[in-house]
Amino acid sequence: MAFDNVSADAYDRFMGRYAAPLAPQFADLAAVHPGQRVLDVGCGPGALTGVLVDRVGAEAVAAIDPSPPFVEAVRGRFPAADVRQGVAEHLPYEDGAFDVSLAQLVVHFMKDPVAGLREMARVTRPGGVVAACVWDHGGGRGPLSPFWSTVHALQPGVRGEAGGAGAREGHLGELAMEAGLRDVDTGELSVRVSYTDFDEWWTPYTAGVGPAGDWVAALDPTERERVRAACAQRLPQGSFEIPATAWTVTARV
């Protein structure tokens with residue numbers, strides 16, 4: 001899944017609303033604290049990067065993402081951080097360069113998740129922490145679950161995102177062990193995001209962000225309106241909240 005043509009603002013209005021409140025919890029889980037050097041793998045527009053900068057200082061933060069618009073946005077937001085374009089499977093850092101390496105909501109987008117986690121381990125010092133999290137798409141508790149559940153009711157053959165790496169219970173732990181990490185511990189983190197009305201929820205789906213956005217963009221106008229109407233019928237009228245839960249893994253090198 002590529003985000004080469006997705007603006008940082010479009011992502012922030014869509015999945016960034018969930019990534020932002022998740023980031024402090026995820027940094028807590030990985031025990032990020034002052035004095036450490038940390039890496040944000042698949043940083044997107046910088047939801048987690050900002051939390052890391054606040055905790056350890058920009059000079060101690062490195063961030064990497066394959067998307068040029070995201071890299072440009074993070075460089076603009078945190079000019080003192082080391083922000084690069086690249087992929088998790090081939091990290092451009094020396095062995096043992098970091099105390100903590102984190103991948104928030106990105107393992108399911110890696111072409112080779114085990115290779116990505118193995119690279120995160122390589123660039124983390126012995127005894128350091130590698131942490132990752134992925135929305136519970138497989139268990140129907142992710143932020144996109146109301147959307148994909150509605151789509152599957154209309155078109156049962158649509159794949160959705162439930163089969164992604166790390167999106168089911170225990171899978172992140174399995175991947176971490178396969179990558180050679182030790183002291184593997186799995187868990188979950190949850191957030192809630194508020195919407196003033198249905199249009200605020202629906203509009204970001206039309207911006208072409210991620211698999212859901214790509215799927216909506218490929219629909220003809222009639223079918224898109226059919227999906228929109230079905231989602232509107234499923235969700236509450238007026239203001240509402242969407243809960244979302246992510247699976248987590250922390251491990252040591």
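A residue is called buried when its relative accessible area is under 20%. Keep that cut-off in mind for the close-ups below, which come from a predicted model.

**View 1. Cysteine 43, tucked away.**
Here's cysteine 43, with a relative accessibility of 6%. That is under the 20% cut-off, so cysteine 43 counts as buried.

How many disulfides does the structure hold? The count is zero. Cysteine 43 is in no disulfide, and its nearest cysteine sulfur belongs to cysteine 133, 14 Å away.

**View 2. Strand β7, mostly hidden.**
Now zoom in on strand β7, which runs through residues 240-252. Of its 13 residues, 10 are buried, so the rest of the structure largely encloses this strand.

**View 3. Strand β7 and its partner β6.**
Strand β6 covers residues 182-195 and pairs with β7 in the antiparallel sense, over 12 bridges. To find your way around, pick out serine 190: its bridge partner in β7 is threonine 245.

**View 4. Strand β7 and its partner β5.**
Which strand pairs with β7 over seven bridges? That's β5, residues 124-135, again in the antiparallel sense. A handy landmark is valine 129, whose bridge partner in β7 is arginine 252.

Definitions and conventions: Residues are numbered from 1 along each chain as its sequence is written. This is a predicted model: local features need pLDDT of at least 70, side-chain atom pairs count only at pLDDT 80 or more; totals for chains, interfaces and linings use all residues. Side-chain values use heavy atoms; hydrogens and water are left out. Buried means under 20% relative accessible area, exposed over 50%, partly exposed in between (1.4 Å probe, protein chains only). Helices (H or I, at least four residues) and strands (E, at least two) are DSSP runs, numbered from the N terminus. Two strands pair if DSSP finds at least two bridges between them. A disulfide is a pair of cysteine sulfur atoms within 2.5 Å.
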